[in-house]
Amino acid sequence: MEATQAIPVFLALEPDRATTEQIRRYKRRVGELVGDQLYLDHPPHLTFFLAAFGDLDDVVDRARQVVCDLCAPSITLNGWHTFFDDPLTGFHTLVVDFAEADRERLRQMQLRIVDSLGPHRDGAASLDRIHGRWPHLSGPERVAAEQHGFPYVGAGWHPHFTVASIRPDDWPSVEKELLREAPSGAMVCPRIQVYQLIDDEPKLVESFELPHASATGHTIKPQPLKDDLVAAMWTVVDSHDWILSATLTGSFLTDQTLAAISDIDLVVIVEELNEPRFDGLQREFTAALTPPLAERGLKLRINATLGPRKLNDDATAVLHLMLYSREAHHQHAIKSPFTCLDWQRSMATRKRSMADVYPVFGLQPHHFVSARRGIRDYLHDFERGVVSYRELECSHDSCTESRCEEPMTTRDRYEYAYHVMRFLMQNLLKLVRRSNEASDGAALVEEYSTVFPQEATAYANLFQELRWRKTQRDFSTPIPQLDERLRSFVLDFESQFQVVFSETAMRHLFFRHAPTQLNCGEGDERRFQGRSDHDIEPITSAQLAELIEAIADVPVDTVYSSPLQRCHQTVEQLALQVSFPERIVDPRLTEIDYGQCEGLTVTAARRQHAELFAEWGQGFDPRFPGGENTADVLARVQDFLRSCAGWGDPRTTSDPRTTSIVCTHNVLLRCLVGKGLGVPRPEWHRIEVPHLAPISVVQTRDYGWFVDLEESVECRLFANFLHTAQEAA
């Protein structure tokens with residue numbers, strides 16, 4: 001059967017009739033001044049979301065559903081804006097700008113649309129559309145493109161009406177003649193339209209009328225207040241250079257009821273956190289948020305603790321202000337990957353994204369056992385009837401976290417039970433799908449049951465009842481045997497998890513050989529060692545201790561090694577202290593072939609092969625002249641892992657070996673870790689692979705292989721991903 005062709009589709013907001021004609025006049029004037037330009041013949045619109053889809057009718061149906069919950073936005077035109085050297089065109093894109101408060105409102109509308117349509121896109125086809133411009137996108141834009149299929153999402157999106165993308169040579173004429181009269185005035189956008197791109201030209205497919213706010217029947221509309229609150233918070237964030245990142249999360253973003261106003265989750269990451277900053281930010285957020293809340297008869301309370309503690313007061317908005325230093329965020333990402341990964345989904349960010357300060361790239365099997373909010377962690381608090389959280393204790397120089405507890409209320413117990421089930425199910429699906437997206441509600445339970453089917457119907461009923469109680473805020477009537485039913489769910493989850501990721505899985509312990517003299521260079525004086533066969537430097541028992549400890553925990557069935565001498569010698573040194581079978585030499589484990597760069601320093605290679613470094617700088621993956629690229633190396637390591645297990649091979653009748661250890665090289669391990677954790681390929685070179693550090697891989701029967709790192713190893717591998725305020729500037 002022939003594969004379905006992916007269809008580029010975008011949803012756009014149409015300006016009112018007067019503004020449409022105004023923008024058309026601008027377009028005509030540009031054409032008169034400098035002739036044909038990109039987008040000049042496109043109808044005036046604001047693009048919410050563009051991606052490739054396999055089924056156009058499905059896109060239209062989903063758009064129809066999400067549009068039902070939206071209202072026609074009012075927009076104040078605020079002059080011109082120009083995207084110089086537009087990443088998607090390379091030209092100067094002239095647009096009609098909006099007031100900042102309107103841009104925030106439109107970002108919230110976009111959030112609803114992207115959440116509804118984004119998971120159903122053709123991911124590969126969506127990325128392929130922008131492949132040629134990938135090197136020109138910023139880090140956050142690349143993250144948005146990979147997560148949603150479109151680079152301009154959330155804080156990285158500047159809403160506007162496009163006039164044209166103008167060739168740089170023609171720009172001075174437009175700037176001189178057209179930009180003297182700035183657009184202004186207020187308008188209401190009456191409809192959202194669905195366009196199909198055919199040869200990069202838009203074809204209107206469907207149009208949906210948007211009701212005015214006054215026509216919805218609601219006596220209270222929370223959205224304007226939410227806009228005011230967001231604008232007030234961003235004003236505080238923008239006023240301090242030492243604030244690296246701010247992220248809004250939770251129901252405040254997605255819930256369209258007034259209940260969301262009472263629970264505002266804001267994560268703020270600063271370069272250094274101390275008592276003056278901790279106290280000062282609380283005062284500043286209080287001063288900024290109190291006036292718009294007081295106008296609506298609401299009070300403000302600030303919860304500056306870390307963790308799931310809730311403060312529920314009538315007629316009160318609670319700002320859950322979660323403050324982290326740069327290093328504290330780094331540790332939080334390592335110890336609480338579920339939470340940080342979920343926060344990274346937020347598109348309501350200011351300054352750097354949270355992932356750009358330090359990312360959680362993907363979940364690992366051990367997170368469900370050892371991380372905060374793992375399989376047993378939430379249940380432990382539930383059974384003890386306490387809410388555990390952390391308070392910040394600050395001095396003039398620093399802040400530390402102290403663990404605290406308080407008794408659970410009835411409402412806490414119901415909401416905790418709901419979150420235990422929801423997060424365990426969602427995080428399992430994120431793990432096996434290698435995605436930061438998961439369904440909710442009935443769809444979540446249905447998808448979860450395809451992975452862990454044990455007692456699926458009973459747990460679906462419990463989850464739906466908890467979800468209904470939370471939505472209705474009905475905590476008065478007890479749920480029969482809630483404690484026993486929740487405990488059964490967690491224990492059944494744990495037992496099924498152990499079967500998939502331990503009892504029927506292989507474990508490989510990869511490590512990089514001991515260093516050679518050529519590994520001792522610094523910076524650009526490092527050499528491309530590659531296939532050069534050099535001896536290792538003398539190593540001590542202390543250098544092998546971490547690896548030996550990791551090997552001691554598992555029965556080793558097989559030892560694999562690269563054919564190069566430095567791997568042979570490392571295995572021999574290890575064999576003096578650990579007993580294991582004779583090694584198997586596998587050429588797929590050898591280092592990358594650097595071709596003509598073999599043996600050169602980075603400085604010399606840059607001088608002799610400037611085009612190679614230029615392509616790397618643009619985010620491409622060129623082969624070394626006469627050698628390999630990372631795609632070639634990744635293909636080798638994936639082929640190695642497939643052949644180790646033999647699952648699916650009808651000639652293989654015995655069970656797979658339990659554990660192997662694998663001695664190999666830097667670039668191969670970068671590819672393994674980068675692919676396994678979903679690190680964008682242009683960033684793989686930033687992964688620092690320590691010599692002799694154990695890098696564990698769990699290989700399952702049904703869900704492929706997963707990188708599974710000790711905390712200390714993960715910190716060393718990704719040390720180059722921790723950004724500072726100076727780098728942000």
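Helices (H or I, at least four residues) and strands (E, at least two) are DSSP runs, numbered from the N terminus, and by this rule Leu323 has its place in strand 12, residues 316–325. The structure is a predicted model, in which local features need pLDDT of at least 70 and side-chain atom pairs count only at pLDDT 80 or more, while totals for chains, interfaces and linings use all residues. Residues are numbered from 1 along each chain as its sequence is written, and side-chain values use heavy atoms, with hydrogens and water left out.

**Overall form**

- The secondary structure of the protein chain consists of 26 helices and 21 strands.
- For 729 residues, a compact globule would have a radius of gyration near 27 Å, and the 28 Å of the protein chain agrees with this; the radius is taken over C-alpha atoms, and the globule rule is 2.2 Å times the number of residues to the power 0.38.
- Along the principal axes, the C-alpha atoms of the protein chain fill a box of roughly 80 × 70 × 65 Å.

**Burial and cores**

- Of the 729 residues in the protein chain, 54% are buried, where buried means under 20% relative accessible area, exposed means over 50% and partly exposed lies in between, with a 1.4 Å probe and protein chains only.
- The largest nonpolar core has 102 residues, and those with the most contacts inside it include Phe48, Ile192 and Leu266; such a core is a set of buried Ala, Val, Leu, Ile, Met, Phe, Trp, Tyr and Cys residues joined through side-chain atoms within 4.5 Å.
- Helix 7, residues 222–238, gives the most to this core, with eight residues.
- Apart from this core lies another, of 98 residues, among them Phe368, Leu424, Ala645 and Val698.

**Leu323 and its surroundings**

- Leu323 is buried, because its relative accessible area is 1%.
- Not counting residues up to four places away in sequence, Leu323 touches Val268, Leu273, Phe278, Leu281, Leu306 and Leu392, where contact means heavy atoms within 4.5 Å.
- Leu323 and Val697 are 374 residues apart along the chain, and their C-alpha atoms are separated by 34 Å.

**Residues with positive phi**

- Most residues other than glycine have a negative phi.
- Asp85, a residue other than glycine, has a positive phi near 50 degrees, and Asp85 lies in the loop between strand 3 (74–83) and strand 4 (92–98).
- Lys351, which is not a glycine either, has a positive phi of about 60 degrees; Lys351 lies in strand 13, residues 349–351, and is partly exposed, with a relative accessible area of 37%.
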